[in-house]
Amino acid sequence: MARRAAGGTGVKGARRPEVRLPVLEPYEGAALEPDGDYDGLDFREADLSGQDGSGARVMDCALTGCALDESRLRHARVLDSVLTGVRGVGTDLAEATLRDVELVDARLGGPQLHGAVLERVLIRGGKIDYLNLRTARLRDVVFEGCVLVEPDFGGARLERVEFVDCAVKGADFHAATLADVDLRGAASLEISGGLDRLAGAVISPAQLLDLAPVLAAQWGIRVEG
């Protein structure tokens, strides 16, 4: 069951995940395995750094305080799961699928999600530096109360995506396609590229004023007193 967030007039709100985990069993595995099947497990303070879980299926799981430095999770499927306080640099989730997932208070640097599919995903709190979402598909995704430093949405497809009380610094939307993307709730909004791709997004009047210098520079307009 997903809950639709409140959207503004003319903007369809994102459907948020409502994850209800079953009674979980402690994860006691030595290491992740490629194409492994992980169902109903509690990964608590697990060090998964450098492990290879490419193609794995993670369903109805909780990952709490786990280390994900250089973890390889390409083509993995993460379903109906909650990730809380995970941390790591260079986590590889390229072409993975995240569906009905909550990512809470994460501290990630350079996570690779290019070509990934995110559907009904809530990213709340925490800080993510250099998030690579190039050519990814995002549908019903909410960024809430988090800090995104230079996220790359190049060539991505964003549909019903909301930014709520979060700081967005140096976002790149080059060649992206947007539909029902609500940026009005962002506490701060900096866009470094792809301003011409913002058709399909809605911003506030204050944000328009903040973006005016960048827009003027892109269009070759000189502003003089």
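Modeller: A disulfide is a pair of cysteine sulfur atoms within 2.5 Å. In general terms, a disulfide is a covalent bond between the sulfur atoms of two cysteines. Before applying this, please note that the model is predicted, that local features need pLDDT of at least 70 and side-chain atom pairs count only at pLDDT 80 or more, while totals for chains, interfaces and linings use all residues. Residues are numbered from 1 along each chain as its sequence is written, and side-chain values use heavy atoms, with hydrogens and water left out.

Colleague: How many disulfides does a search of the whole structure find, and why is there no bond at the sulfur of Cys 66?

Modeller: The search finds zero disulfides. The sulfur of Cys 66 has its closest cysteine sulfur in Cys 61, and because 10 Å lies between them, they are too far apart for a bond. Cys 66 is buried, with a relative accessible area of 0%, and Cys 61 is buried with a value of 0%; buried means under 20% relative accessible area, exposed over 50%, and partly exposed in between, using a 1.4 Å probe and protein chains only.

Colleague: How should I read the salt bridges, and how many does the structure hold?

Modeller: Side chains of opposite charge can pair when their charged atoms come close. A salt bridge is counted when a side-chain nitrogen of Lys or Arg is within 4 Å of a carboxyl oxygen of Asp or Glu, and the structure holds 15 of them. One of these joins the side chains of Arg 57 and Asp 37, at 2.6 Å from N to O. This pair links distant parts of the chain, since Arg 57 is in strand E6 (residues 57-59) and Asp 37 is in strand E4 (residues 37-39), 20 residues apart; strands (E, at least two residues) and helices (H or I, at least four) are DSSP runs, numbered from the N terminus.

Colleague: Are the two partners, Arg 57 and Asp 37, buried or exposed?

Modeller: Arg 57 is buried at 19% relative accessible area, whereas Asp 37 counts as exposed at 54%. Another salt bridge lies between Glu 119 and Arg 120, whose closest N and O atoms are 3.4 Å apart. Salt bridges that share partners join Arg 99, Asp 100, Glu 119 and Arg 120 into one network.

Colleague: Which strands pair with E15, and in what sense?

Modeller: Two strands pair if DSSP finds at least two bridges between them. Strand E13 (residues 147-149) pairs with E15 (residues 167-172) in the parallel sense over three bridges, and Val 149 has Lys 169 as its bridge partner in E15. E15 also runs parallel to strand E17 (residues 188-193), joined by four bridges, with Leu 189 in E17 as the bridge partner of Val 168.

Colleague: Finally, how many residues does the largest nonpolar core have?

Modeller: A nonpolar core is a set of buried Ala, Val, Leu, Ile, Met, Phe, Trp, Tyr and Cys residues joined through side-chain atoms within 4.5 Å. The largest one has 59 residues, and those with the most contacts inside it are Phe 43, Leu 138, Phe 143 and Phe 163. Strand E10 (residues 97-109) gives the most to this core, with five residues. Contact means heavy atoms within 4.5 Å; leaving aside residues up to four places away in sequence, Leu 138 touches several residues, including Leu 118, Phe 153 and Val 161.
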